[in-house]
Amino acid sequence: MSRRALLIVNSHSRSGASQCERAVAILKAHGIEPLHRECESREDLSPLIARHAGDVDCVVVGGGDGTLNAAALGVIDAKLPLGILPLGTANDLARTLGIPFDLDAAADVIAAGKTRRIDLGLVNGQPFFNVASIGLSAELAQKLTRDIKRRFGRLGYALVAVKVLAQARPFRATIIGEGESVRVKTLQIAIGNGRYYGGGNAVEKDAAIDDEHLDLYSLEFNRAWKLALMARSFRNGAHGAWREVRAVRAKEFDIRTRIPRPVNADGEIVTHTPAHFSIRPSAVTVFAP
């Protein structure tokens, strides 16, 4: 049976503009009629989805994690399944769900029609699929401009990361979770909903995007160069075994800092501390293998 999909491609991403026509053709070849709409700002994306909720059977988003983040509340309100065409730089939600990065193969997943329900993280009411963080990643998100991502792709992350690490200084924060409160001096606090973030790092070795929990880690050392020693541990999610890394699992967290600090959610600065982190279990239906 033919399906109609609201197709949103982030034409501002590094590969979005060149891939849009191809995405339309591939969906049509799979019996999916795309209703393509452009969206100029992330704030307009969820309202755009809501406006077309009665016109389509699903929503297909072509872009990276930031674009998918902006679509999250829209697909929930529209009660429509979400299809993913990984056209961003990191594509960590696609990686978590096992969606191929090849556009044809990703379209095959949507056409097959198999869905699963996944959790959605919230920080001060703003959604995140992968990770929300305070500290190093937030500083990276602020400095990693759209122009840098378009010009350098994944290399841009590395270039900006070197600069951020060179200037990194620890900050003090209070972490509250499951009735316990602890004061820390940290370079970064990250709270994960999914499994992967930052281009393939694992939030925690057993993390899953449908386990109805959030996974927190806090980097409690003074020198950012130690991250280089932990690189392999971060790739497989074993960083919690290091003495300087605090790892906690809970359904809710509160993070407080002396002065407001930016919070990065899926690569976008969305709010500031004090920050309340919570989870909406099985909130989003996605096409996945």
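This report covers charged side chains in a predicted model.

## Basis

The model is predicted: local features need pLDDT of at least 70, side-chain atom pairs count only at pLDDT 80 or more, and totals for chains, interfaces and linings use all residues. Residues are numbered from 1 along each chain as its sequence is written, and side-chain values use heavy atoms, with hydrogens and water left out.

## Salt bridges

The structure holds eight salt bridges (a side-chain nitrogen of Lys or Arg within 4 Å of a carboxyl oxygen of Asp or Glu). One of them joins the side chains of R22 and D104 at 2.5 Å, N to O. R22 belongs to helix α1 (residues 16-29) and D104 to helix α5 (residues 103-112), 82 residues apart (helices are DSSP runs of H or I, at least four residues; strands are runs of E, at least two). R22 is partly exposed, with a relative accessible area of 35% (buried is under 20%, exposed over 50%, partly exposed in between; 1.4 Å probe, protein chains only).

## Pairs with strand β14

E220 and R246 form a salt bridge at 2.7 Å, N to O. E220 sits in the loop between β13 and α9 (226-229) and R246 in strand β14, so the pair ties together parts 26 residues apart in sequence. R246 is partly exposed at 28% relative accessibility.

The side chains of E204 and R249 also meet in a salt bridge, at 3.7 Å, N to O. E204 lies in the loop between β12 (201-202) and β13 (214-219), and R249 in strand β14 (residues 245-250). A network of salt bridges links E204, D211, D215 and R249.
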